[in-house]
Amino acid sequence: HLLEPDLASDATGFAVLSISWVAHLLSTGGPDAVAAVPEFLLRDAAAWVSFCVRCGGADVVGGSDVAALVGGVSAFLRADGVAARSPLAAAACMEMLQAMLAPQLDKRRVVGWAQGASLGPTAMSPGERALVASVLATGAAQAALIPALMRAHAGADVVVGLDVDRDRFDKFGFRTQVDALLMELWSDATCLASTARLAAGGGADAASFDAYVGAVLNSLIYLLDDCLVRLQAMADVEAAKAAGGGAAWAALPARERAAKEAFLQGEAGVTRGFMGMAVRCLAVLDRLAGQAPIVAASFGARRELAAQAAHAVSAFVSAVAGCDPASGGGRRAVEIGRPERFRYDPPALLASILSIALRIDVAMGGGGASGGGGGLAPFLAAEAEFDPEPAARAAALAGGRGDYGSRTGFEALVSRAVALRGGGGGKDAGAGAAAGSAF
């Protein structure tokens, strides 16, 4: 039996030794030294610890050198380029951290959260609770783990294009695990304070935070755009099926109809999954936006990050709200029957992004609903994608979703951005605001 006490204890000790050795190589020889070590060494060590916790051996892991486990894995994930060169080992380390810090979140529940479900609390055994407390009490968890997770999340982009078995490593699946783990960690006051120090720091710490937030913003827009393209393609096929009372569709050869139906089913599945991931990105941004000190120390201090946020808000609003069809220009919103089939809920999406944008604006020193300069407005005014028409439509389309203050505050934010452009509403009016902004 693998969990026989002596065997499990010895195997866990060997896993600790293996992970500690990799961390020692990183500190003395750098990434090149680790590259000479077979990837399976770290991957198998992390997989054993995950197995042990998942199968009732949390007390065995808790009785080992927990600080060495967390510190070693954090060093590996945080090292430049190492996780990208060994993505399968990085994925195994993430599984291990999830098992140790959030044993109640099995992979099925994390995937469900990525598709829009709630993480929610579930019961943990006394051994699991003791293990979580031991991990959070280590200096590594309080200082090194958060930046390590953020750097690994952002570094997943580098993996794209490498010779990695797609079934064994998925960039968005990996990022979903990182996000779920960070959301759990942010429930701990010490870990949240660590994130605040990271955001306010300089050098590599600030770069890790900015890279993580930038990756979440980029993922949000990529996933949303991909979903909208697929929704439009499905809407076109459904319109063709309904045209002329369905006579034209019935006249098509059976093989062609079957191919189009299979296309619809395949696109629907991908769209539901990607839309759930986009909602997960919004949940992460919403959690960060609710921490005013973190926003002020990052978005408020570093214009590149604020500009990324302005771009994401503008692109998101333009894509979901679209322009009024009667205006004769601009991007149109996707219209498809029963969008809830694909987890596509435009009012809820818009209410979420409006709330996030307003809280970032206020934390950056903007006027919110009361007006005033500064905040996110100068960056919206300078953003080429910012178009006041869909921005104004977004507040109306959000309807009863969210709170009234968010809608009126976003309307005021849009008005301030337009004023900074000199009153012109078009996209080309942002250059002057970019040059004249003091932020």
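**Note on selected helices and loop residues**

1. Arg343 lies in the loop that runs between helix 17 and helix 18, where helices (H or I, at least four residues) are DSSP runs numbered from the N terminus. The model is a predicted one, in which local features need pLDDT of at least 70 and side-chain atom pairs count only at pLDDT 80 or more, while totals for chains, interfaces and linings use all residues. Residues are numbered from 1 along each chain as its sequence is written, and side-chain values use heavy atoms, with hydrogens and water left out.

2. The phi of Arg343 is near 60 degrees, a positive value in a residue other than glycine. With 36% relative accessibility, Arg343 counts as partly exposed (buried means under 20% relative accessible area, exposed over 50%, and partly exposed in between, with a 1.4 Å probe and protein chains only).

3. Arg338 is found in the loop between helix 17 (303-321) and helix 18 (346-363), and its phi is positive, about 45 degrees, although Arg338 is not a glycine. Because its relative accessibility is 52%, Arg338 counts as exposed. As background to these two points, most residues other than glycine have a negative phi.

4. Helix 11 (residues 171-185) and helix 13 (residues 203-242) have axes that come within 12 Å and cross at roughly 125 degrees; axes here are lines fitted to C-alpha atoms, for helices over the stretch in contact, and angles run from 0 to 180 degrees between N-to-C directions. The two helices, helix 11 and helix 13, are therefore oblique to each other (under 35 degrees counts as roughly parallel, over 145 as roughly antiparallel, 65 to 115 as roughly perpendicular, and the rest as oblique).

5. On the helix 11 side, Phe172, Arg175, Asp179 and Leu182 meet Tyr212, Ala215, Val216, Ser219, Tyr222 and Leu223 of helix 13, contact being heavy atoms within 4.5 Å. By class, this contact of helix 11 with helix 13 has seven nonpolar, one polar and two charged residues (Ala, Val, Leu, Ile, Met, Phe, Trp, Tyr, Cys and Pro count as nonpolar, Asp, Glu, Lys and Arg as charged, and the others, Gly among them, as polar).

6. Ser27 sits in helix 1 (residues 5-35) and, at 60% relative accessibility, counts as exposed. Ser27 and Ala75 are 48 residues apart in sequence and 8.5 Å apart in space, C-alpha to C-alpha.
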